[in-house]
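Reader: Hi! Could you walk me through this one? I'd like to chat about its sheet, its helices and its pockets.

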Amino acid sequence: MLTIEQEVVLMSQEPAIKNFEELTAEELIPWVMDGLRRTLVHYGCWFREVEYQLGMTKAMDVEAEAGDAAFSIILKRLSKVLGFEMDGDVPKALKILDKAKLLELMDAVGTNWLANDGVWFQAVEKRFGMDAAKRCNDTCWTRFSPYEALRIKKLLGLPPLPGLTGLKAALGYRLYARINRQTIEDVDEESFIFRMVDCRVQGARKRKGLPDYPCKSAGLVEYLYFAETIDPRIRTECVGCPPDAHPDSWWCAWKFTLKRD
């Protein structure tokens, strides 16, 4: 046990902790960045807890309202501080961009989303192993896939039961769609096959001489949940997905069938 004199000496050696007003401009920057980061994590925590307490359908209904309100409040407040103009609920800077620059921005948004997914997977894998990372990844898709489907459904103005036509359209608006190359082939009036021709993740692994990432367990969740959220009558079947063998012309393929009964 330390004596009182020793405690006093130790306390005198501890660096003084400043409050915000005492920080320099350079010292404040990481706190601003971390505040934005904590806001994003807190948003995700709210969504996860509402989903846990009330179910996914109600959680997505709540998020539709809370998300619109939150982004409007956040952007308008930041615009006042940072001095960028707003046009309604959208930064004016976005509205003056031409189509080519907006498409480039969408590519950057999609690539950032994929990078975010990757760093989470790798961080879990590094600490707890591949099995733990895959479990977390697959469960994450049970929430993100229907969420993305509902957001796309809303933005496209699709009806409650848009059928295969609606699913084809929605697949073209996923975040994946701007950074991967995909094709659709009609089988008959009741079904079509979706193929991932170029996959950014698998392509990168191939260039590094690594084997295919076994993503089938995630895909079985991802595509099923997405399709059923677009239209609950649609059934999903895996044609092939790593670790399955596949031709060089595609990485994974999925068959979607509309059941009218």
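**Sheet, helices and a pocket**

Author: Happy to! One thing before we start: this is a predicted model. Shall we take the pocket?

Reader: Thanks. Which elements supply at least two residues of that lining?

Author: Those are α5 (99–128), α6 (130–156), α8 (200–207), α9 (216–230) and β6 (252–258). The largest share, nine residues, comes from α5.

Reader: And how do the lining residues divide into nonpolar, polar and charged?

Author: There are 21 nonpolar residues, seven polar and six charged in the lining of the second largest pocket.

Reader: You mentioned α5 and α6. At what angle do they pack?

Author: The angle is about 145°, and the axes of α5 and α6 are 7 Å apart. Their crossing is right-handed.

Reader: Nice. Which residues make that contact?

Author: From α5 you have Trp113, Asp117, Phe121, Val124, Glu125 and Phe128. On the α6 side the contact is made by Met130, Ala132, Ala133, Lys134, Cys136, Asn137, Trp141 and Phe144. By class, that gives ten nonpolar, one polar and three charged residues.

Reader: Good to know! Switching to the sheet now: what is the strand order?

Author: The order is β3-β4-β6-β5, in an open sheet of four strands with antiparallel pairing. At the edges sit β3 (181–188) and β5 (234–240), each pairing on one side only. On average, neighbouring strands are turned by 20° against each other, direction ignored.

Reader: How many bridges do β3 and β4 pair over?

Author: Seven bridges, in the antiparallel sense. A hairpin joins β3 to β4 through two residues, and Asp186 stands opposite Phe192 in β4.

Reader: And what about β5 with β6, how many bridges there?

Author: β5 and β6 pair over six bridges, again in the antiparallel sense. Here Ile234 stands opposite Leu258 in β6.

Reader: Which strands does α9 lie across?

Author: α9 lies across β4 (191–198), β5 and β6, and runs at about 155° to β5.

Reader: Last one: which residues does the cis peptide bond join?

Author: Pro242 and Pro243, with omega at about 20°. Pro243 is found in the loop between β5 and β6.

Methods: Residues numbered from 1 in each chain as written. Predicted model: local features only at pLDDT ≥ 70, side-chain atom pairs only at ≥ 80, totals over all residues. Heavy atoms only, no water. Nonpolar A, V, L, I, M, F, W, Y, C, P; charged D, E, K, R; others polar. Pairing = 2+ DSSP bridges. Axes fitted to C-alpha atoms, helices over the stretch in contact; angles between N-to-C directions. Contact = heavy atoms within 4.5 Å. Left-handed = near helix turned anticlockwise from the far one by under 90°.
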